[in-house]
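Please read these notes with the model open beside you. They are numbered so that each can be checked on its own.

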Amino acid sequence: MATHRPDRVGDQIREVLSELLSRGAVHDPGIGFITLTRVKVSPDLQMARVYYTTLGDESVRRETAKALERATGFLRRQAGERLKLRRVPELKFQFDESVMHQDRVEQILRDLHEEEDRRNAATVTDSPDSPSEPEHD
């Protein structure tokens, strides 16, 4: 029987870390506006991969990654104090590329719809079925 414990532990870790980061418990200016998207915990509960996104360009992303790396020990200790676990998993922060990919796919779809609308509008105005002059009997 498959256990869902890693999923539950991941949800708890995400909740605790989100609270710590949003309340300013980490006093590192490198951590700007950050969103934790998910936490995947290994089946043996030894490793937790924390996926996040942040606003800004590539330099902001690099600075956030460095700041999270510096704060990892502190965040792990804080999570350990709040969670009822025998051993707190090692935390590994990773930028969530899936959000960027999703945004890119949505932009492509919007562009396709706009192009289709332009083609349909051009077809309607050029259509021979549309009378340009009133017919006389």
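Leaving aside its neighbours within four places in sequence, which residues is Gln94 in contact with? Point 6 gives the reply.

1. Basis of the notes. This is a predicted model, in which local features need pLDDT of at least 70 and side-chain atom pairs count only at pLDDT 80 or more, while totals for chains, interfaces and linings use all residues. Residues are numbered from 1 along each chain as its sequence is written, and side-chain values use heavy atoms, with hydrogens and water left out.

2. Overall layout. The protein has three helices and three strands, and along the sequence they follow the pattern α-β-β-α-β-α. Helices (H or I, at least four residues) and strands (E, at least two) are DSSP runs, numbered from the N terminus. Of the 137 residues, 30% are buried. Buried means under 20% relative accessible area, exposed means over 50%, and partly exposed lies in between, with a 1.4 Å probe and protein chains only. Among contacts with a separation of 6 or more, 60% are between residues 24 or more positions apart; contact means heavy atoms within 4.5 Å.

3. Helices H1 and H2. The axes of H1 (residues 5-22) and H2 (residues 58-82) come within 10 Å and cross at roughly 120°. That angle makes H1 oblique to H2. Angles under 35 degrees count as roughly parallel, over 145 as roughly antiparallel, 65 to 115 as roughly perpendicular, and the rest as oblique. Axes are lines fitted to C-alpha atoms, for helices over the stretch in contact, and angles run from 0 to 180 degrees between N-to-C directions. Val16, Leu17 and Leu20 of H1 make the contact with Leu75, Gln78, Ala79 and Arg82 of H2.

4. The nonpolar core. The largest nonpolar core has 26 residues, and those with the most contacts inside it are Ile13, Leu17, Ile31, Leu75, Leu91 and Phe93. Such a core is a set of buried Ala, Val, Leu, Ile, Met, Phe, Trp, Tyr and Cys residues joined through side-chain atoms within 4.5 Å. Two or more residues come from each of H1, S1 (34-41), S2 (47-54), H2 and S3 (90-95), and H1 gives the most, with six residues. Not counting residues up to four places away in sequence, Leu17 touches Leu36, Val50, Leu75, Leu91 and Phe93. In soluble globular proteins, nonpolar side chains tend to be buried together.

5. Two loop residues. Asp28 is found in the loop between H1 and S1 and is buried, at 16% relative accessible area. Apart from its neighbours within four places in sequence, Asp28 is in contact with Ala67 and Arg70. Leu45 is in the loop between S1 and S2 and is buried, at 15%. Leu45 has a positive phi of about 65° although it is not a glycine. Most residues other than glycine have a negative phi.

6. Gln94. With its neighbours within four places in sequence left aside, Gln94 is in contact with Arg49, Val50, Tyr51 and Tyr52. At 32% relative accessibility, Gln94 counts as partly exposed. Its C-alpha atom is separated by 9.9 Å from that of Leu36, 58 residues apart along the chain.

7. Gly73. This residue lies in helix H2 and is partly exposed, at 34% relative accessibility. From C-alpha to C-alpha, Gly73 and Glu90 are 8.9 Å apart in space, and they are 17 residues apart in sequence.
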